Amino acid sequence: MPRLGILISGGGSNMVALLRACQAGEIAAEPVLVLSNRPEAPGLAKAEAAGIATASVDHTAHAGDRGGFSRAIDAALTRAEVDLVACAGFMRILSDEMVTRWAGRMVNIHPSLLPAFKGLDTHARALEAGCAWHGCTVHEVSAELDSGRILGQAAVPVRPGDSPASLAARVLEMEHRLYPQVLAAFAADPAGARATPIALIHPACNAG
Ligand code: GRF
């Protein structure tokens, strides 16, 4: 069973969904470390409450030194003997050296239907573009931002009057469904998960 490390920056709602799925036996992985770039990230307390070891590598202590920050993150993951890394609301970019070292063993969730809307402020950009659909993507982490192999996507409808916040909430609901399913498939059989990406649609769209 792979030892799972989860990288967070904030509230960690996706991390909570992953921990719940691991502890329910839905993901065949053992969560061994939750690591944040922000020592004050609220998600760290949630991980501790779930009995998972936590650590933080303050990115402000490595200002302008992505390599040094990445090496500190890598060292913490290695100390915990992590096999598989899930970035879950993790808002820092890791060095190419680290991404290469973890190739095939690091995944991320991004709040858009990639390749659309890479980067930040995805919900506002989707509304601005007049999208009828928006959603989230779980992908392997590669050197190019938000561009690794797609392992799963979930689509949500954009509704009249949606604000970035209301759309983000609808997407987040699907992130919490998509990420555990994709990580379960990837942890069990990476090649199979790559060959058959998971596709979900918001349940409101299935109403007859
Ligand atoms: C989520 O929308 C995630 O996709 C993005 O950060 C947001 C918060 O994630 N990367 P979490 O609640 O900290 O898991």
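Predicted model: local features only at pLDDT ≥ 70, side-chain atom pairs only at ≥ 80, totals over all residues.
Conventions. I number residues from 1 along each chain as its sequence is written, and side-chain values use heavy atoms, with hydrogens and water left out. Local features need pLDDT of at least 70 and side-chain atom pairs pLDDT 80 or more, while totals for chains, interfaces and linings use all residues.

Entry 1, whole protein. I looked up the secondary structure and found seven helices and eight strands, taken as DSSP runs (helices H or I, at least four residues; strands E, at least two) numbered from the N terminus. The radius of gyration, over C-alpha atoms, is 16 Å, close to the 17 Å of the globule rule (2.2 Å times the number of residues to the power 0.38) for 208 residues, so the protein is as compact as a globular protein of that length. I noted that 46% of the 208 residues are buried, meaning under 20% relative accessible area with a 1.4 Å probe, protein chains only.

After α3 comes E81, with a positive phi near 55 degrees.

I found the charged end of R105 over the ring of W102, 4.1 Å from its centre; the rule wants CZ of Arg within 6 Å of the ring centre and within 35 degrees of the ring normal.

Technical notes
Buried < 20%, exposed > 50% of the residue type's maximum accessible area, 1.4 Å probe, protein only.
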